Amino acid sequence: VTPPPAAKQKVIYITYLVAALDITWLFLQFSITPYLARRLGFDTIWFGYLQTTVGVIQLLGGPIYGRFADVFGARAALSVSCLASVVYFLLLAVADNTFMLFVHKLPAVFMHVLPGAQMVVADLSENEKRADALGKLGLCFGIGMIAGSSLGGTLSTRFGEKFAASFAAVGSFVSLLLVLNFIPKQTKIHTKGSSNSVFNLGEIMRLMKFPGVAKTFTVKIISGLPAGIFQVMFSIIAINFFQLKAEQNGYLMAYFGIVQMVIQGAVIGRLTSRFSESSLLMLSVGISSLVGLAQAMMTNVFHFCLIVIPMMFSLSVFNVITDSMLTKSVSPSDTGTMLGLCASVQSLLRTVGPTIGGFLYEAYGVPSFGYIQCIINAAVFSFLLNTGGRSQPNRP
């Protein structure tokens, strides 16, 4: 039975809240880990290994988590994620050596609140409003980014890193209670796919055969790689290149968040209602190429603050449009698996990003990130121009 629109909307709002809280604790952790790692004697290369570990763990977990969500439903999937977050932050609170800092990353294999939230929103939103609804999740990302960065810097400075990590563990437990009380067991109206096995690789790979999926997916990986490398290395760039302290870094991340909130909340919905998704995809890739050129030329944090606006615009539009195109290309019973695969793209970037980023940073400095982004996205833009974007196939 299809739930009434008001009930659907309530579930979507609770999902937005859970996502915002999850991102808050994640960014709180981002403002602890680089400084804790530095105190434990990590250099740029070792910090890269730490980031790569998280990437590999989440890369393995993403597609399986998506299948788990499709088979067992939204509540079970989000509950597992929130519980993993509680364990993750408790381990961070007691991490006092190199080994423990690596161990605390292990629960990240189940930490996929954002793909879980995207699945709920994709299941409960109308087809033509999906890009806008997924865009609003980005608004939650912005809120979490601001709250988490500011909170992380303040709590770490005043009460220490252990307190900040424990605070995040309590916050994740609150998210778990919200999920158990308000998210329905199953958000899909349609029947499940042919197989109920979570570890069925064939079921996951089958999605690549749907029209347009492989192409959009390839664009998502190649175009997203340079920006992914820059994001992974950003905490190091902030400390070494911009010479920022923990609290200043928190403010810069909060500024990121504000820009992202404006774009996701006020801009993306209007753009998707007026322009086709293939045109917006080309626009985001084109702007990303120009952003790369600007990044290569920047010399101080003020320049960077100006670049952030087009950078966040291209990133936000790119991620929302590719996720929307990919979920519309598969059947409703497969949206969780598709979003799990989309999440694994981010994890893939985090896996190879630190190694490539660490090498580029040491060998060629910060401008190299910009030049690579400019060249790769210019190439992807030419490819999209020649293949004419892609017409949206009907969902099977």
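Which residue forms a salt bridge with Arg206? The points below start from that pair and then take up other parts of the chain.

1. The model is predicted. The partner of Arg206 is Asp334, and the closest N and O atoms of this salt bridge are 3.1 Å apart. Arg206 belongs to helix 9 (residues 201–206), while Asp334 sits in the loop between helix 13 (301–329) and helix 14 (335–364), so the bridge ties together parts that are 128 residues apart in sequence.

2. In total, the structure holds 5 salt bridges. Another of them joins the side chains of Lys220 and Asp323, with a distance of 2.9 Å from N to O. Here the pair ties together parts that are 103 residues apart in sequence, because Lys220 lies in helix 10 (residues 213–240) and Asp323 in helix 13. Lys220 has a relative accessibility of 2% and counts as buried. Asp323 is buried as well, at 8%.

3. A further salt bridge is made within one helix. The side chains of Lys136 and Asp132 meet at 2.9 Å, N to O. Both residues are in helix 7 (residues 130–159), and because they are 4 residues apart there, about one helical turn separates them. Lys136 is partly exposed, with 25% relative accessibility. Asp132 is also partly exposed, at 25%.

4. Helix 10, which carries Lys220, also packs against helix 3 (residues 44–72): the two axes come within 10 Å and cross at roughly 150°. The crossing is right-handed. On the side of helix 3 the contact is made by Thr44, Phe47 and Gln51, and on the side of helix 10 by Val232, Met233, Ser235, Ile236 and Asn240. Sorted by class, this contact of helix 3 with helix 10 has 4 nonpolar and 4 polar residues, and no charged ones.

5. Helix 14 takes part in another crossing, with helix 6 (residues 113–124); their axes come within 9 Å and cross at roughly 140°. Helix 6 and helix 14 are therefore oblique to each other. This crossing, too, is right-handed. Helix 6 contributes Pro115, Gln118, Met119, Ala122 and Asp123, which meet Thr335, Gly336, Leu339 and Ala343 of helix 14. The residues of this contact divide into 5 nonpolar, 3 polar and 1 charged.

6. Is Pro310 buried or partly exposed? Its relative accessible area is 33%, so Pro310 is partly exposed. When neighbours within four places in sequence are left aside, Pro310 is in contact with Ile287 and Val291. As for Ser288, the C-alpha atoms of Pro310 and Ser288 are 7.8 Å apart in space, and the two residues are 22 apart in sequence.

7. Two links to helix 13 can be read together. Asp323 of helix 13 pairs with Lys220 of helix 10, and Asp334, in the loop between helix 13 and helix 14, pairs with Arg206 of helix 9.

Technical notes:
Residues are numbered from 1 along each chain as its sequence is written. This is a predicted model: local features need pLDDT of at least 70, side-chain atom pairs count only at pLDDT 80 or more; totals for chains, interfaces and linings use all residues. Side-chain values use heavy atoms; hydrogens and water are left out. A salt bridge is a side-chain nitrogen of Lys or Arg within 4 Å of a carboxyl oxygen of Asp or Glu. Buried means under 20% relative accessible area, exposed over 50%, partly exposed in between (1.4 Å probe, protein chains only). Axes are lines fitted to C-alpha atoms, for helices over the stretch in contact, and angles run from 0 to 180 degrees between N-to-C directions. A crossing is left-handed if the near helix is turned anticlockwise from the far one by less than a right angle, and right-handed if clockwise. Contact means heavy atoms within 4.5 Å. Ala, Val, Leu, Ile, Met, Phe, Trp, Tyr, Cys and Pro count as nonpolar, Asp, Glu, Lys and Arg as charged, and the others, Gly among them, as polar. Angles under 35 degrees count as roughly parallel, over 145 as roughly antiparallel, 65 to 115 as roughly perpendicular and the rest as oblique.
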